[in-house]
Amino acid sequence: MSSPYLDLVRRRLVLYDGAMGTMLFQEGLLDGESPEPWNWEKPEVVTAIYKAYYDAGSDVVQTNTFGGTPIKLSERDLQDRTHEANLLAAQGARSVCPPGRFVAGDIGPIGKFLKPMGEFTKEEFTASFEAQVQGLADGGVDLISIETMYSLDETLCALDAAKRLTKLPVSVCMTFDRNPRGFFTLMGETPAHCMKLLKDHGADIVSSNCSHGSPVFLDLTRLLRDSTDLPLIVQPNRGRPTLEGGTVIYKQTAEEFVADMQTIAGLGADVIGGCCGTDPGFIADLHGGLRDRFSGDTPAPKRGGAEVRA
Ligand SMILES: [Zn+2]
């Protein structure tokens, strides 16, 4: 598939954004409060966050729609505003997106389980993701960004929905726990198995975000690079969070984060950014730390002999 976004990913290292939730909490979003209503209640705040990431050098900024499926929104009785929530978020990002940069329609997990663990069918999940994708596409996003997914079956519902309704490129990030036996999703799936199924279902860009800081992503990126020949997107958290007085605090310095991300780019990541705890300052430092790679003056390193495991 050809698209301006995929052309850029093939040409040089691409800079994603940092956290949205972290920024909204700084602006006064309360723990347990749904962020999507801010797309109509406080659009100027949300749009200012998008702009701060573009100003920091992000090539791609994701919409404030992490919980934008009707099933997730129904927890706040907002399911009837699904299209509006996604449309407004996409239009807001579009309005501050500079020429040559991109808006990614963000899709997070529904937060419920499929049968037999939960009460939902794959058809219900797919329909819920389709409703979100339609709003994002109508708002003019350049790509779909599925992220922080912990169930392969749910991820494939989202991916299939995006592929069925649009011709947009789809980036898919899963999140993996680490135990002594290796990395696994919450549902017990390995990274290699996930990467294979995502490719089979037409994902254009794959890999992982969240759950770990950049040091753990050094190992995870090697594993993922060896698992697929698709472009890789890597978005670690700002180190390991600590709990202080009931508040989650991220203490990793930008210096350490940037140094790890330089290594991760050298390992063959094609798109890099930050997840929980990172902010426009981190992204600006990341942009400065890999300036040559983002300018496109330095060719991307060869895929480190990565074999595709069928
Ligand atoms: Zn995160």
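At what angle do the axes of helix α4 (residues 43-56) and α6 cross, and within what distance do they come? The axes come within 9 Å and cross at roughly 40°. The model is predicted: local features need pLDDT of at least 70 and side-chain atom pairs count only at pLDDT 80 or more, while totals for chains, interfaces and linings use all residues. Residues are numbered from 1 along each chain as its sequence is written, and side-chain values use heavy atoms, with hydrogens and water left out.

**View 1. Packing of α4 on α6.** The crossing angle of roughly 40° makes α4 oblique to α6. Angles under 35 degrees count as roughly parallel, over 145 as roughly antiparallel, 65 to 115 as roughly perpendicular and the rest as oblique. Axes are lines fitted to C-alpha atoms, for helices over the stretch in contact, and angles run from 0 to 180 degrees between N-to-C directions. Helices (H or I, at least four residues) and strands (E, at least two) are DSSP runs numbered from the N terminus. From α4, T47, Y50, K51 and Y54 meet A89, G92, A93, S95 and V96 of α6 (contact means heavy atoms within 4.5 Å). These contact residues divide into 5 nonpolar, 3 polar and 1 charged. Ala, Val, Leu, Ile, Met, Phe, Trp, Tyr, Cys and Pro count as nonpolar, Asp, Glu, Lys and Arg as charged, and the others, Gly among them, as polar.

**View 2. Packing of α7 on α8.** The axes of α7 and helix α8 (residues 152-165) cross at roughly 45° and come within 8 Å. α7 and α8 are therefore oblique to each other, and α7 passes α8 in a right-handed crossing. On the α7 side the contact is made by K122, F125, T126, F129, E130, V133 and Q134, and on the α8 side by D153, E154, C157, A158, A161, A162, R164 and L165. The contact comprises 8 nonpolar, 2 polar and 5 charged residues.

**View 3. Packing of α9 on α10.** Helix α9 (residues 191-200) packs against helix α10 (residues 214-227) at an angle of about 45°, the axes being 9 Å apart. The two helices, α9 and α10, are therefore oblique, with a right-handed crossing. P191, A192 and M195 of α9 touch L220, L223, L224 and S227 of α10. Here the contact residues are 6 nonpolar, 1 polar and no charged.

**View 4. Two backbone features in loops.** K115 and P116 are joined by a cis peptide bond, with omega about 5°. P116 lies in the loop between β3 (102-107) and α7 (122-138). D77, which is not a glycine, has a positive phi of about 60°; D77 sits in the loop between α5 and α6 (82-96).

**View 5. The largest pocket.** The largest pocket holds about 1300 Å³ of space. On a 1 Å grid over the protein atoms alone, a cavity is a set of points where a 1.4 Å probe fits but cannot get out, and a pocket is an open set with protein on both sides within 12 Å along at least five of seven lines; lining residues have an atom within 4 Å of a point. Grid points are joined across faces, edges and corners, and a volume is the space filled by probe spheres set on the points. The pocket is lined by 48 residues, of which M20, G21, T22, F25 and C276 are the closest to its centre. The largest share of the lining, 5 residues, comes from α2. The lining divides into 16 nonpolar, 21 polar and 11 charged residues.

Definitions and conventions:
Left-handed = near helix turned anticlockwise from the far one by under 90°.
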